[in-house]
Amino acid sequence: MIGAILAVVLGLVACFFGSLVGFGGGFISVPILRLSGHLAPQVVAATSLFMVGVNVAVASFALRKKNRINLRMGWAIGVGGIAGGLAGVYMLRFVSSGQFDVLYGLMLLFIAINMLKPAKPSTLSDNEIETDRSRAAGKLELGLMGVLVGFSSTLFGIGAGTVAIPLLLWRYKLPAYVAMPTASFIALIYIWPGVIAQIHEARVDWALAIPLSIGAVLGAYFGAKYSNKLKSPQLTRIFGVICVITFITLSMRHLPMFQPHTTTLASATIQVSKAATK
């Protein structure tokens with residue numbers, strides 16, 4: 001019961017604060033689950049992705065203002081994301097715990113750079129959703145971008161915004177008020193095929209996934225309600241610093257100096273064996 005309550009709280013906090021910066025809750029829940037438990041990375045990624053899927057489903061009710069969504073880019077990237085997501089499910093078979101933590105740490109650095117980088121004001125008017133760069137982007141380019149977004153999202157159990165929003169901002173120079181809802185629309189298209197594939201692989205820990213998702217519903221609701229009031233450059237910088245600290249922590253876990261010495265392990269094994277024979 002205590003574990004379920006803590007999972008609800010984690011889902012609520014992750015999706016609430018994740019909604020404030022537009023990245024969803026996966027980038028918070030995944031490192032916490034890896035640092036606080038002994039779950040395999042495949043289980044962590046699948047369980048977190050299920051939570052993100054529920055979060056996206058709830059957030060879809062906030063997508064009624066379609067004049068803020070670039071549907072042309074969203075459909076092209078989302079369809080590519082389906083292929084990338086299925087590839088991510090398959091690649092998880094070959095990723096060890098150490099590799100997962102290091103790769104995810106690099107993803108956290110990518111998030112931190114995005115959060116700590118000063119945002120340039122948009123030159124578009126409030127009713128524009130295209131820039132010169134986005135208009136020039138063809139379906140093949142956007143589809144390949146979708147493969148990258150879907151692959152990283154499913155591999156690490158994070159939302160589309162973690163990769164899609166920085167690319168939409170930097171590559172295509174879209175304003176944040178277009179990039180963020182467009183990323184949510186992209187996730188609506190591709191994320192559930194990946195979730196279904198993870199369920200088929202029997203990787204979802206339902207004892208965690210259900211309470212996490214309950215918290216995600218609450219977090220997504222309140223995050224969407226207060227995003228305009230609470231979002232600030234100071235908040236994104238705080239999360240950027242947290243991402244850097246988490247990257248360092250995940251990496252340090254796999255340094256030789258923090259691993260038990262082989263002779264110590266052998267001695268402990270011998271003592272356990274002797275105790276078992278008595």
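## A salt bridge and its surroundings

Glu 130 and Arg 72 form a salt bridge, with their closest N and O atoms 3.2 Å apart. Glu 130 sits in the loop between helix 5 (97–116) and helix 6 (132–136), while Arg 72 belongs to helix 4 (residues 71–91), so the pair ties together parts that are 58 residues apart in sequence. Glu 130 is buried, with a relative accessible area of 15%, whereas Arg 72 is partly exposed at 37%. Please keep in mind that this is a predicted model.

### The other salt bridges

How many salt bridges does the structure hold? There are 6 salt bridges. Three of them are set out here, among them the pair described above.

| Pair | N to O distance | Relative accessible area |
|---|---|---|
| Glu 130 and Arg 72 | 3.2 Å | Glu 130: 15%; Arg 72: 37% |
| Asp 132 and Arg 135 | 3.4 Å | Asp 132: 66%; Arg 135: 47% |
| Glu 201 and Arg 203 | 4.0 Å | Glu 201: 29%; Arg 203: 9% |

Asp 132 and Arg 135 are both in helix 6, 3 residues apart, so about one helical turn separates them. In this pair Asp 132 counts as exposed and Arg 135 as partly exposed.

Next come Glu 201 and Arg 203, whose side chains meet in a salt bridge. Glu 201 counts as partly exposed, and Arg 203 as buried. Salt bridges with shared partners join these two residues and Arg 93 into one network.

### The chain as a whole

Stepping back, you will find 12 helices and 0 strands in the chain. Of its 278 residues, 46% count as buried. Now take the contacts between residues at least 6 apart in sequence: 85% of them join residues at least 24 apart. The chain exposes about 14000 Å², and carbon and sulfur atoms supply 70% of that area.

### The nonpolar core

Which residues touch the most other members of the largest nonpolar core? They are Phe 27, Tyr 104, Ile 111, Leu 168 and Tyr 172, in a core of 62 residues. Helix 3 (residues 41–59) gives the most to this core, with 9 residues.

Leaving aside residues up to four places away in sequence, Ile 111 touches Phe 23, Phe 27, Thr 162 and Cys 243.

The buried residues of helix 2 include Gly 26, Phe 27, Ile 28 and Ser 29. Val 30, Pro 31, Leu 33 and Arg 34 are buried in helix 2 as well.

Notes
Residues numbered from 1 in each chain as written. Predicted model: local features only at pLDDT ≥ 70, side-chain atom pairs only at ≥ 80, totals over all residues. Heavy atoms only, no water. Helix = DSSP H or I, 4+ residues; strand = E, 2+ residues; numbered from the N terminus. Buried < 20%, exposed > 50% of the residue type's maximum accessible area, 1.4 Å probe, protein only. Contact = heavy atoms within 4.5 Å. Areas by Shrake-Rupley, 256 points an atom, 1.4 Å probe, with all protein chains shown as cover. Core = buried A, V, L, I, M, F, W, Y, C linked by side-chain atoms within 4.5 Å.
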